[in-house]
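Here is a briefing on the packing inside one protein model. Look over the sequence and structure first, then read the notes by topic.

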Amino acid sequence: MSAHNHSLLQRLQALPWYRVQGRLRRCRGSLLISGGLDGLVGLGDVCEVEVELHNHCECPGSADRASDPLLAEVVGLEEDGVLLSPFGEVRKLGLGARVRIARGYDHLCPGAGWLGRIVDPLGRPLDEGTPLPPGPVPYPIHGVPLPAHRRRDLGPRLDLGVRALNLFAPCRRGQRLGVFAGSGVGKSTLLSMLARHGAADAIVLGLIGERGRELHGFLRDGLGAEGLRRSVVVVATSDMPAMLRRRAAYLTITVAEALRDQGLSVLCLIDSVTRFAMALREIHLAAGEPPASRGYPPGVFAELPRLLERAGPGEGEGSITGLFTVLVEGDDLSEPVADALRATLDGHVVLDRGIAEGGRFPPVDVLRSLSRSTPECYGEAERPLVERARRLMRAHADAAELIQLGAYKPGSDPLIDEAIRARPALEALLAQGKDERSTIEDDFRRLAAALDGPGAVTPA
């Protein structure tokens, strides 16, 4: 190669990528197909699609004008073009529209300066505050989890500030729990309690598919000014395209990773993982993947662990403790998303509609909730109290129909007699107002008082 040709090649290689462009060939529903980008982009890359707004007004001075380009992510590759899923509404697009490669959307620089801020899925402020200060290191939005052998062990028990969880579903730093419930049972209220009362250095809260009218009320009344000061809130409302709802979940975990790597104990809350899965279903189906379990393509269940496994302990002192809400369709815990998440997470908290209808909040079903770190969380004096309480609640649940019908005769079974006596105190213990702060020490003191109240029988 001559020196002239070599110099020309170097100059061509140095050209910025945004000058390379393709053309829009087809639009299939919400999926765009572009030609001319083969070999230049890969899955996960972001492109800009040129949008032309045509002004048909015949008023003097009217003219055609161009709007901001439509962002879209590469979700598939075919022989006749690149498949793009847009970040916005597909309008005013025409065949032949220019498609350019966009750089800078696959990484962000979150940091502690983001605390107290509300951001959109692209990392832009929504609170009309100052521009977000960049953190020291760029983080990939679609990062990979830390290798298991490089992670530290789970940390000490974490005070979640909610009695039902502290007592019966304890959580260690770096653990991942799912909160499973049907619609309208109280997931968001429980999440606000965790955000306000959880013992963590920072909160990262992802609101995925949240109803827009409820957002302001949740931030004002649920999270409050005190909770917001130590939080980063990522918002993607239900009217946003599936790609933005998906990206919001990944941005939430990316911000948590950045704060974890700064040595902070991070409580990462995502509401809800089910709406994230629904966004994935929409994207994968549009890309041509066949449906499998209840309409969910296999790719959805492959992508869920890639998000959730990024939570957990880090290599240093920091950790990400994840609590993820799961919207259970028809209160069926065996539906595909809930079933897959129970196998992926380190425990599950079940909220029961019947308990909520009975007026006890948070409506945690203690007997159906499980934390896989339970054996390491209880002290020597705490374990017998919890085991005894569980036995009594189990005995009352087994005999509930007989008790309600009046068919049970007192004295027939000492365990059931003790369960009937202790039930009002245990129910009062599990009830907690959303503004009521609880501590682990006080929780166990109150549990001992509930079990050893008037008429208690000393266990053998």
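**Packing around Val233**

Leaving out neighbours within four places in sequence, Val233 is in contact (heavy atoms within 4.5 Å) with Arg117, Ile118, Val119, Leu205, Leu207, Leu219, Leu223 and Leu228. The model is predicted: local features need pLDDT of at least 70, side-chain atom pairs count only at pLDDT 80 or more, and totals for chains, interfaces and linings use all residues. Residues are numbered from 1 along each chain as its sequence is written, and side-chain values use heavy atoms, without hydrogens or water.

**Nonpolar cores**

- A nonpolar core is a set of buried Ala, Val, Leu, Ile, Met, Phe, Trp, Tyr and Cys residues joined through side-chain atoms within 4.5 Å. Buried means under 20% relative accessible area, with a 1.4 Å probe and protein chains only.
- The largest core holds 55 residues. Phe168, Leu194, Val233, Leu269, Leu426 and Leu447 have the most contacts inside it.
- A second, separate core has 43 residues, including Leu108, Cys268, Val328 and Ala338.

**Ser231**

- Ser231 sits in strand β16, residues 231–237. Strands are DSSP runs of E, at least two residues.
- Ser231 counts as buried because its relative accessibility is 1%.
- Its side chain reaches the backbone oxygen of Gly227 at 2.5 Å.
- Beyond four places in sequence, Ser231 touches Trp114, Leu115, Gly116, Arg117, Ile203 and Leu223.

**Helix α8**

- In α8 (residues 336–344), the buried residues are Pro336, Val337, Ala338, Leu341 and Thr344.
- These pack against β14 (176–181), α6 (273–286), α7 (298–308) and β19 (319–327).

Definitions and conventions: Buried means under 20% relative accessible area, exposed over 50%, partly exposed in between (1.4 Å probe, protein chains only). Helices (H or I, at least four residues) and strands (E, at least two) are DSSP runs, numbered from the N terminus. A polar contact is a pair of N or O atoms within 3.5 Å; within protein, one must be able to donate a hydrogen and the other to accept it, and residues adjacent in sequence count only if both atoms are side-chain atoms.
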